[in-house]
Amino acid sequence: MFCANAGLYRMRLSREKIIRLSHQITDVLVSSDDVEFVEDRDTIRQQVVAILTATLREEEKADAEVRKKITSQKKEILEGSEEWDVLYRKYYVDELRRLGIATAPEERRPQH
């Protein structure tokens, strides 16, 4: 299911999609000359599943927290309005940063 929030498009991934992604990620890692496995392939794949699942769970928590912040404003802000979209984007990025999922734009700039 796709849901659009403030220009952010998130996809809810089924367990099957997460498992498929874990196989694809593991395949890429196995084919890389820069990666050496110290565990068997399936253990690595299961860890990828765990990481993806935990990250998606954290993003869902961030979404719930952002919606709570917006609805707690003194003034009613209608979902889908430009003001709601701006607040959602700002609060969502702040929440992901707080959870350690995203970095601030200035943290991603290349060093010169």
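Reply: Helices (H or I, at least four residues) and strands (E, at least two) are DSSP runs, numbered from the N terminus. Just after helix α3, G100 takes a positive phi of about 80°. This is a predicted model, in which local features need pLDDT of at least 70, side-chain atom pairs count only at pLDDT 80 or more, and totals for chains, interfaces and linings use all residues. Residues are numbered from 1 along each chain as its sequence is written, and side-chain values use heavy atoms, with hydrogens and water left out.

Me: What makes up the secondary structure of the protein chain?

Reply: Four helices and two strands. From the N terminus on, the order is β-β-α-α-α-α.

Me: Why is S22 called buried?

Reply: Buried means under 20% relative accessible area, exposed over 50%, and partly exposed in between (1.4 Å probe, protein chains only). S22 has a relative accessible area of 0%, so S22 is buried. S22 sits in helix α1 (residues 15-31). Not counting residues up to four places away in sequence, S22 touches R45, V48 and V49, where contact means heavy atoms within 4.5 Å. R45, V48 and V49 are among the buried residues of α2.

Me: Why does Q73 count as partly exposed?

Reply: Q73 has 30% relative accessibility and therefore counts as partly exposed. Q73 lies in the loop between α2 and α3.

Me: How do you know that the span of helix α2 agrees with its 31 residues?

Reply: The expected span of a helix is 1.5 Å times one less than its number of residues. For α2 (residues 41-71) that gives 45 Å, and the end C-alpha atoms are 45 Å apart, so the two agree.

Me: How do you know that the buried residues of α3 line one face of the helix?

Reply: The buried residues in α3 are W84, L87, Y88, Y91, Y92, E95 and L96. Seen down the axis of α3, they fall within an arc of 155°, so they line one face. The arc is that of the directions from the helix axis to the C-beta atoms. An α-helix has 3.6 residues a turn, so residues three or four places apart point the same way.

Me: How many residues does the protein chain have, and what share counts as buried?

Reply: The protein chain has 112 residues, of which 20% count as buried.
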